[in-house]
Amino acid sequence: MENNSINFQKRIGYYGDITPLLNKVCDDFKIGKYLSHKVVLMGYEDFNLILKTSNGKFFIKIFAKFRDKKDCQRYVEIVEHVLKAEVSHPPLYKSPQGYLYEIKMNETTIRLIVTEYIEGKTFFELNKEPNTEEMSFIVKQATLINSIKLKPSFVYDNWAITNFLDQYDKKAQYLDKEDAKLISPLIETFKSLAINNLPHCFAHGDITKTNTMKDKNGKIYILDFAVANYYPRIQELAVLICDLLSKNSYEQILHKYQKYIKLTSDEIKKLPLYVKLAHAMHILCGTYEKKVNHNTSAENEYFIKIGRTGLQSLN
């Protein structure tokens, strides 16, 4: 068993040997004989694995224990819509149960999906930003996502910009003094945005370096729709700009997006403020993860750093 399995298995509430489960998955999905597995160390909520079988490699997302069956079905429905819209996302595999697979292990209900494994690295792992051509492709993917006619049931995301005031009330006490000075002025900024009046659409909401993968042939995939919601449209762009495309030209990104989806003058005016709030959320939630949940992962440290650097430069 992987050394990291037990720590990550806390997320699914199952602490036994994971191998029997993966053997069953191999049989039911008809994807070959189990050989080994490796824990994916990125991500905050679900338990993700790379499964190696006699037929090759597969990606397994085991849903966190706080997600009920309805939440998991919601995720599958979203991915089905995403694939139908021809967004670059790994295909799903089916078992006799369908795309969503449910099994009981030692009285613990486990739900998961199996997708095609992408032989590549995220832009976080590559430690680089997309070049101009890659940037254009990713922005086009965002517009494909934002054009999907879907309003899924709402899922609360601690990191979402729309939840800034709520999260600030809960987590501001953990901020360093200098970070608090950077973020506290944004309370009035947030109130001025009149978010409910902004155009809304279906959005991934988390297209970051950790959720964007480049395969060995250079093809780019958009991963993990766990926090996709019906959001203000500029939320997608704000997250893209503050992380994945931070060193690309702001005007160039905006131009590429508007080739496919025209923003209103109000959205264009408020987008820079929204980017500031995206940076603030990285500091606020990343600091809470570090100080309260003792999360010292490279991923969490990265989000704190880009939030702090981004907000300092914009101020």
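Which residue lies over the face of Tyr 99? Lys 94 does, at 5.0 Å from the ring centre. A charge counts as over a ring if NZ of Lys or CZ of Arg is within 6 Å of the ring centre and within 35 degrees of the ring normal. Lys 171 is placed over the face of Tyr 288.

This is a predicted model, where local features need pLDDT of at least 70, side-chain atom pairs count only at pLDDT 80 or more, and totals for chains, interfaces and linings use all residues. Residues are numbered from 1 along each chain as its sequence is written, and side-chain values use heavy atoms, with hydrogens and water left out.

| Charge | Ring | Distance to ring centre |
|---|---|---|
| Lys 94 | Tyr 99 | 5.0 Å |
| Lys 171 | Tyr 288 | 4.6 Å |

The structure holds nine aromatic pairs. Rings of Phe, Tyr and Trp (its six-membered ring) pair if their centres lie within 6.5 Å; planes under 30 degrees apart count as stacked, over 60 as edge-to-face and the rest as tilted.

One of the pairs joins Phe 63 and Tyr 75 edge-to-face, 5.4 Å centre to centre, with 70° between the planes. Phe 63 sits in the loop between strand 3 (56-62) and helix 3 (69-84), and Tyr 75 in helix 3, 12 residues apart. Helices (H or I, at least four residues) and strands (E, at least two) are DSSP runs, numbered from the N terminus.

Phe 164 and Phe 190 form a tilted pair, 5.7 Å centre to centre and 45° between the planes. Phe 164 lies in helix 6 and Phe 190 in helix 8, so this pair ties together parts 26 residues apart in sequence.

Ring pairs also link Phe 124, Trp 159, Tyr 302 and Phe 303 into a cluster.
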